[in-house]
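Subject: Structure handover

Hello,

The sequence and structure are below, and my notes follow them.

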Amino acid sequence: MLYRYSVSFFAAALVSSAAVAEANLPTENDFLADSPVVLSVTRLAQPLSETPGAVTIITREDIRRSGARELAEVLRLVPGYLVGGWNAANLSAVYHAPLDDERGQRTLLLIDGRRIYSSFLLGDTHHGMMGVLLDDIERIEVLRGSNSAAYGANAMFGVINVITRHSVDTTGTTLFANSGQNGIADYYASWGWSDGKTGVRFSAGKRADNGWRDIYDDKNVKQAHLRADMEPAENQQLMLAVDVSELRAGEGFPNDDTNGFHTVSWKNWSISGDWHWQYAADREIHVLVNYDNEKITDQFPLVPLPQVVIDQGGQSERWNLELSQQAVWSELFQGVWGLGYLNERAKSVPVYGERSPVSYSEWRLFGNLNWAPLPGRLNINLGGFAGWHSDTGSYFTPRLMANLQVADGHTLRAGVSEAVRTPTLFEQNANMLYYLDGELIGRYFSQRQRVKPERLRSDEVGYLGAFPAANLTIDVRAFRETLSDRLAAQGWDDGSLPLDASTEYVTDPYKLFLRGYESQTRWQPLPGTQLWFNQMHVATIRNDPGFRAGNSAPRNAMSLVLFQELPQDMNASLMFHRIGQMYWRGVKDPMPAYDRLDVRLAKKFKAGTTTAEAAVTVQALQGDYLEYHDHNQVENNNPGAYWFERRIFTSVRFQF
Amino acid sequence: MRRVLLWLSLLVASSAAWASSVVWIVLSAEGGVYAESAAMLQGELRAGGLTDLEVVVGTWPTLRALPTKAPPSLVVTLGQAAFDGAAQPLTPAGPLPASTPLIASLLPSASFRAGEARLSGRPLTAVFIDPAPAKFFELLRKALPTAKRVGVLAGPVTDTLLPDVRKAAAQQALSVVAASTQAVGGEIYPALKLVLSDSDVLLALPEPSVYSSETLPRILLATYRARIPMVGFAPGYLTAGAVAALYVTPAQVVRETALKALAWSRRSDWGPARAPRELTVGINTRVAESLGLSLPSAETLTKELLASGVAP
């Protein structure tokens, strides 16, 4: 009845009106007022059904649950990726390419838009990968497949786009530590402040472990990062970052005259600025400036002649500038175009001899047009990247990709693209010489000729399917890639000097054909259960008549991942990987197929505004497995076989 | 007993009053949505059969300046300010007579609850501009079936509503993760951080100390960075970037208000203070696609919410 209703609300109103007497009550204006568009097209990530290629997304939560301690380990969760190295201090994550001789130089690693790779040596990304703290990462987007059309040289086998957390989102203090077997001792601390508009975060960490069995590959990485975000004016965002890291890594083998027992030190610092200006409703200008500096100390005495020291150290620096515009020109057309300038310089007398310092610069022009002739159904992406390299001349890498939504949530994708990898300063200019008493007695690694860029032609078809009723998504990519003009190290000796054999990079006259497919299935059968199934099949063939059908890359690999919520704020992760057989340095070093099972159990705690998490992780629960084999070491009286040992470690995290 | 007598006297008074039917429609401000709604309300009343009604439309200052007349048979206030003004003195003699029935229309339920005590003792009802929390959770269930934990950023107003909000969520098998700015010294972002870390979706509820034209863009960007969808309570949220919004248009409020007024004119129960039966669901497909979400269409969701038995 009306009256009784009013009376009861009278009582409630008395209480609530007292409580909210001082409060700011909502009015109808809160409901009727207009609002500007905040998430405009330029701010929104492209839907996966429209991306010109296959994309795998790994979230912050996925990273934490995986128990991974560094970025390379996280990439095990991406189909087609292989993680390994010649020792545990030099883990590379490589996309379906032979691990041997691969240091990730054919994949572009971006951290908040700045390119991470070593200008000094071989353009490798494996050091750079260690220079980001996992707790600082918001999300990783991996574009599987060539992306030179958007990013230029070195994005041959794709792009790993690491996005760190915005400083406005990370206020307060976070402390984290891993500790356990195998010398695992990791520490992380971050502190952030923000007023909602401006933010700053300082984070620092150390990571250490003893690597694999019977090999000197202890690793100790220390790093510190400062990130500041601000809005200098309306619709403008500016991010400034300063990053410093130092890696000390075990290297080499006793009695090895090409790689003696020693410690390598890699020091890196970089500054970058990233400015966005949304000057109109669907238009944005973006400016990125980055300076990167690295210093490597890497030397060991030559075993037969200890007075001769092999020095592979030196310094390098890099400037990268990019200016781009992103715009939506009409309902059918939107895109990005821009200019870039890159300058790399390396200095090292031991490595470059009298050629030191060496440098090159490159001007770039790129564009990507998205045409939607049937909006929501058919999307065509046309992209191109042109570079003018001061050493190797100009190149152009185009791409054409079409996405067709054949039914709601089901997209077919097909396209062709070309990619390029320009030679690094080392590949172009290496000149490592042995001197004894001031006299030139040999060439360790000396480049006699200029080399040209590698080229990749990639044809792909793909399928992306979403089955919302079953909470299932499937992503399949089938590819036919041809790598031409691959730069390969080859020995030479013209007999002119006492010490034998030098090495140089030459263009491989034969092509490498990679054919295969990979898939990623993600299924959430129950609210607290996530199941991932990744699979890869690739056949790598070199059209050398003497080619033996062994695979220097595994033919098959698969991963099965389970993330399960448990009662009492606990969660468990099971990650099973099966990697097929592969070879290191030719058929003399077969690596059998192996399984790896990682398990993690964690519990969360909450008290007011403080949250904590304690976890236990076991890596390689199923037992030790062979990670690397080198027959040459057996001749040096070294084990030759290097095993990843099962290890347990505990983690503790506090956030307040 | 006294209650029954009071009720009878009101009936007598009301039936007598309808002999000289004067309805006051009080606007919170001149023009705009208030004037449009008033015009629409008059049309609805006429269409409902009240053709010999005298309607006076204006703000409280306008109405107070009127030459002395018989008090109105019914007062309909449009908006917060008009409702607040109803408790103020009308003439030097005093406020609106205690027997004058009042329909508070076009205002949020929280504001009505806070102010209804001042107007007690009279027949009072309201038509809210905000659907009940139960409807929001129903929308969440139907639009985002995989989202089980609903984040709520609370403040002084919504803190008092949290128990009801949690109950409504539980009825849809959803849980609420709430953080109040009052617990973190009035700061929004620390509370937002707590909420985002544990939620699958952020439900914006009317809370001016949290959601304003200045803070909404930042909150929306933070939720987008976390790849968490926001569901809002107004069409403006949809434009800004919320994945979905559940709201009631002024026209829908007016139609419900007219129903109440017509019920009163027929001396039947005009029902409790409530949001309109009609409601609107909006979807921002662009943002939804970007988040990898596939939502049913706005039309489908609107129909389902209207058809279900859950009271708005």
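I start with one helix. The buried residues of α13(B) pack against α6 (133–143), β10 (244–247) and β11 (280–283) of chain B. Here buried means under 20% relative accessible area and exposed over 50%, with partly exposed in between (1.4 Å probe, protein chains only); contact means heavy atoms within 4.5 Å. Helices (H or I, at least four residues) and strands (E, at least two) are DSSP runs, numbered from the N terminus.

This is a predicted model, in which local features need pLDDT of at least 70 and side-chain atom pairs count only at pLDDT 80 or more, while totals for chains, interfaces and linings use all residues. Residues are numbered from 1 along each chain as its sequence is written, chains are lettered from A and ligands numbered from 1 in the order in which they are written, and side-chain values use heavy atoms, with hydrogens and water left out.

Helix α13 covers residues 298–307 of chain B, and its buried residues are A298(B), L301(B), T302(B) and L305(B). Seen down the axis of α13(B), they fall within an arc of 100 degrees (directions from the helix axis to the C-beta atoms), so they line one face of the helix. E299(B), K303(B) and A307(B) are exposed on the other side of α13(B).

As for the whole chain, chain B has 13 helices and 11 strands. Its C-alpha trace spans about 60 × 45 × 40 Å along the principal axes. Of the 312 residues in chain B, 56% are buried. Among contacts in chain B with a separation of 6 or more, 72% are between residues 24 or more positions apart.

Regards
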